[in-house]
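Please look at the model below with the charged side chains displayed. My notes follow as numbered points.

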Amino acid sequence: MATTLVRPRPATPGIARPHKAPALRHLGPNWYASVMGTAIIANAGATLPYQLPGQRVLCQIFWVLAATALAVLLTARAGHWLHHRDQARTHLLDPAVAPFYGCLSMALLAVGGGTLIVGKDLIGVPAAVAVDTVLFTAGTVIGLLAAAGIPYLMVVRHKVEAHQATPVWLLPVVAPMVSAALGPLLIPHLAAGQAREAMLLACYAMFGISLLATLLMLPLVFGRLIVSGPLPLALTPTLFLVLGPLGQSTTAVNSLADMAPQSISAPYSGAFGAFAVVYGVPVMGFALLWLALAAAMLVRAARGGMGFAMTWWALTFPVGTCVTGAAGLARHTGLAAFDWLAAALFLALVTAWLAAAANTLRGLYTGRLLAAPR
């Protein structure tokens with residue numbers, strides 16, 4: 001009886017094995033910016049000097065949207081790392097994508113802060129404190145790792161040149177500033193004494209980490225604009241990312257000043273209150289100058305045919321930090337001008353969110369946003 005041997009068919013050169021969960025392959029860490037941009041509407045809207053009927057409920061809705069989006073994205077990104085590790089490693093080694101890992105930290109922190117600001121009305125204070133504690137801890141650890149790790153990769157692994165500098169480089173180093181701004185929310189729920197003082201000073205330390213790192217990065221970004229000209233059209237909205245460390249640092253010093261009297265003794269508590277105004281007013285002034293420059297560049301790009309990209313989410317969270325910064329200055333100075341500024345910036349924030357959210361949903365529906373980049 002003859003025996004037939006069947007040899008396995010050799011793999012056809014050039015044909016890659018199909019990937020599992022192909023829709024997740026190109027889901028990068030930049031998607032966390034949509035969570036940040038949604039959460040900041042809840043956080044900023046609830047702290048505005050002017051409160052309209054139904055505004056609190058609207059802020060709660062945005063917090064629920066942000067929390068839901070965070071849960072979905074965390075699951076999707078876990079699937080990305082599970083099924084597309086090669087692409088995930090490629091993202092880490094890409095100087096244009098790696099800085100977006102700072103967005104994971106800020107998304108966790110923004111949703112956690114919103115839980116204590118407005119979410120407590122829905123789930124109760126004890127549950128809100130527990131949720132924020134978990135998200136704040138995770139976000140802070142990830143943010144500190146990103147602030148040190150991404151610049152390390154830029155130095156030893158990424159091949160970058162001066163003309164490649166963009167405001168995206170600020171994302172990992174601004175993450176600790178978000179911790180500094182939202183950490184004070186937990187101080188009243190800590191035991192009086194050492195625990196509160198430690199949290200207060202730890203937040204000031206993270207304020208310093210982020211501020212000094214930003215001062216190192218920002219000249220590279222501005223120098224690139226002066227020497228090499230405007231950013232590519234799709235990257236133009238990232239100019240608004242510079243507002244992030246400016247508005248968030250102003251928010252941080254004002255929030256820390258609010259908590260200083262119950263956390264640390266005089267004369268430091270009074271000094272922190274004075275520092276909030278002495279630091280915050282000049283920085284907010286520079287933020288408005290940069291906002292004017294970025295807005296002018298955005299109009300130029302729009303007239304040049306700029307289409308939608310996920311970079312549009314850069315128009316949301318950074319502007320929201322200026323809202324909370326202006327609101328903090330309004331509390332500590334009593335000037336109505338800061339009340340008006342916070343309200344005007346909040347209207348701009350909502351407008352930008354509507355544009356970014358509508359185009360994102362349209363891009364998801366058509367599949368364009370999850371397709372391979374061209």
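**Salt bridges in the predicted model**

1. R56 and D121 form a salt bridge, with the closest N and O atoms 2.8 Å apart. The term means a side-chain nitrogen of Lys or Arg within 4 Å of a carboxyl oxygen of Asp or Glu. The pair joins distant parts of the chain: R56 is in helix α2 (residues 55-83) and D121 in helix α4 (residues 101-123), 65 residues apart. Helices are DSSP runs (H or I, at least four residues), numbered from the N terminus.

2. R56 is partly exposed at 30%. D121 is partly exposed at 40%.

3. This is a predicted model: local features need pLDDT of at least 70, side-chain atom pairs count only at pLDDT 80 or more, and totals for chains, interfaces and linings use all residues. Residues are numbered from 1 along each chain as its sequence is written, and side-chain values use heavy atoms, leaving out hydrogens and water.

4. R25 pairs with D86 in a salt bridge; their closest N and O atoms are 2.8 Å apart. R25 sits in the segment before α1 (32-47), D86 in helix α3 (residues 85-92), and 61 residues separate them. R25 is buried, at 16% relative accessibility. D86 is partly exposed, at 33%.

5. R331 and D258 meet in a salt bridge at 2.7 Å, N to O. R331 lies in helix α10 (residues 317-333) and D258 in helix α8 (residues 243-259), so the bridge ties together parts 73 residues apart in sequence. R331 is partly exposed at 46%, and D258 is partly exposed at 30%.

6. How many salt bridges does the rule give? The count is three.

Notes: Helix = DSSP H or I, 4+ residues; strand = E, 2+ residues; numbered from the N terminus. Buried < 20%, exposed > 50% of the residue type's maximum accessible area, 1.4 Å probe, protein only.
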